[in-house]
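Dear colleague,

I am passing on a structure for you to look at, together with some notes on what was found in it. Please keep the sequence and the 3D view open while you read.

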Amino acid sequence: MKNLINITTSHDNPTFIDAHSVTGIHVFPEKGEMAIFGENGLLYALEMKGWNIDADDLLQKLAGAGNPLIALPLRHGGTEYPHFIAPHAVTFATITPVSQDGTQGIIAGVRGVGWEENYEATPAEVTTLLEAVRKSGKELMEILPDEAHARWSRPAALYIDPASVQEIRDDGGQVNVVFKASGSLDVQVNDPEYKISMTRAEEESARLALAAKIADAHGGLTHIAGASRAIYVTPDVFTSIRFHTNEKSENKYGMSLERPKTPTNPYPEAVRAYFNTAAARENSFNEIVAAAQSKPQGAAKPAKPRTP
C-alpha cells in the first residue's frame, strides 16, 4: 500500500487507505452516510459521525496526496447529493446538449463505481470533469452524433478512453463496448432522431467502422477475424472456448468464449462468434490462443506525450 492517508479526523482511531485507490465518493446528507469506491468496487459504506469522517477533510487529503476528485453532484427531487469522481478512473462519458433550464445530462463510466448518471448537471460541472480527465493523461476519443451516440435521444457527444476498453461486440443492432471495471455501453450508429434513413447495409458498415476505429485506438485487443460481425476481445478474461455447429444456419460454425462465474454473476454472458466455414473458425481460434500466449492482454497503446 502506498500514499496512505487517514480518512478520519481521529488520531486515536485512524483508518488508513491508499489515496490513489479511491475512484469515487458518494455522500448521503440526510442519512449522514458515505460510500467510498475503489478500483474493484465499494471500499466502505459508513456512517460518517461514527467513523469521524468529514467529507471536506477527506477530499483535501486526497487532493494533497495527488488524487483530486471532481464534484459532479446528483440532483433529484430538490435534493443535492454530493458525488465526487477521480478523473483518472473515468472510462467514458456520454452527454446531452444544454437544455432550456440550463442543465445537461451526463453518464460517465467510473472504475469501481460503474455508471455515474446525472440528469441535472451544470455545463460548468461537465466541462470541468472532461478537462480534468484529459489532464490526467487520458487521450479521450470524441465521437459526435452524426457518427455514433449512446443512451440519449438528444446526444451532444460521446467520449471514450480507448485504453479502458476491454471488449467490443457488434450484436447486429448496436456496438457494445465493455470498459474496465465500469460496465458496458451500447452505442448506436443510426440517426438519434430518425430523420435520416439508413439501409441495413449502411448500418452494418457504420458499426464495423466504429468498432474498428475504437479497437485501432486501443491497439491491444484481439480481433476475431472471419466472424460474421465485428468482435474484439481480451482473451485472458475467458475461462474456456467452446465450438458448436448448427447445420440449419447460414453461419453454422459457432464459437463461444466463456467467462468465469462469480458469486454475484453465476451465469455470465459468453461472447459468441459465428463463421461461414469451419476453417475460418479454426483460424480465428488459433489467433486467439496465439494472442493470449504471446503478449500481456488488455495493454493499450502507450499514451502520447502531452505538450504543455
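Before anything else, a word on burial: a residue counts as buried under 20% relative accessible area, as exposed over 50%, and as partly exposed in between, with a 1.4 Å probe and only the protein chains considered. This is a predicted model, in which local features need pLDDT of at least 70 and side-chain atom pairs count only at pLDDT 80 or more, while totals for chains, interfaces and linings use all residues. Residues are numbered from 1 along each chain as its sequence is written, and side-chain values use heavy atoms, with hydrogens and water left out.

As for confidence, pLDDT is the predictor's confidence in each residue, from 0 to 100, and the mean pLDDT of the protein is 93, with 95% of its residues reaching 70 or more. Over residues 302-308, however, pLDDT stays under 50, and for this stretch the model has 6 contacts beyond four places in sequence (a contact means heavy atoms within 4.5 Å).

Next come the salt bridges, where a side-chain nitrogen of Lys or Arg lies within 4 Å of a carboxyl oxygen of Asp or Glu. How many salt bridges does a search of the whole structure find? The search finds 15. In one of them, the side chains of Lys61 and Asp57 meet at 3.1 Å, N to O. Helices (H or I, at least four residues) and strands (E, at least two) are DSSP runs, numbered from the N terminus, and because Lys61 and Asp57 are 4 residues apart in helix H2 (residues 55-64), about one helical turn separates them.

A salt bridge of 2.8 Å, N to O, joins the side chains of Lys138 and Asp161. Lys138 lies in the loop between helix H3 (123-135) and strand S13 (141-143), and Asp161 in the loop between strand S14 (157-160) and strand S15 (165-170), so the pair ties together parts that are 23 residues apart in sequence. Lys138 and Asp161 are both buried.

Arg151 and Asp186 also meet through their side chains in a salt bridge, at 3.0 Å, N to O. This pair links distant parts of the chain, since Arg151 is in the loop between S13 and S14 and Asp186 is in strand S17 (residues 183-187), 35 residues apart. Arg151 is partly exposed at 48% relative accessibility, whereas Asp186 is buried at 14%. Elsewhere, Glu167, Arg169, Arg259 and Glu269 are linked in a network of salt bridges.

Turning to the strands, two of them pair if DSSP finds at least two bridges between them. Strand S11 (residues 104-110) and strand S12 (residues 114-121) run antiparallel and are joined by 6 bridges, with Gln104 standing opposite Ala121 in S12. These two strands form a hairpin with 3 residues between them, and Gly112 in the turn has a positive phi of about 85 degrees.

Is strand S10 (residues 90-95) enclosed by the rest of the structure or open, and why? 6 of its 6 residues are buried, so S10 is largely enclosed by the rest of the structure. S10 runs antiparallel to S11, with 5 bridges between them, and Val90 has Val110 in S11 as its bridge partner. S10 is also antiparallel to S14, through 4 bridges, and Ala93 stands opposite Tyr159 in S14.

With best wishes
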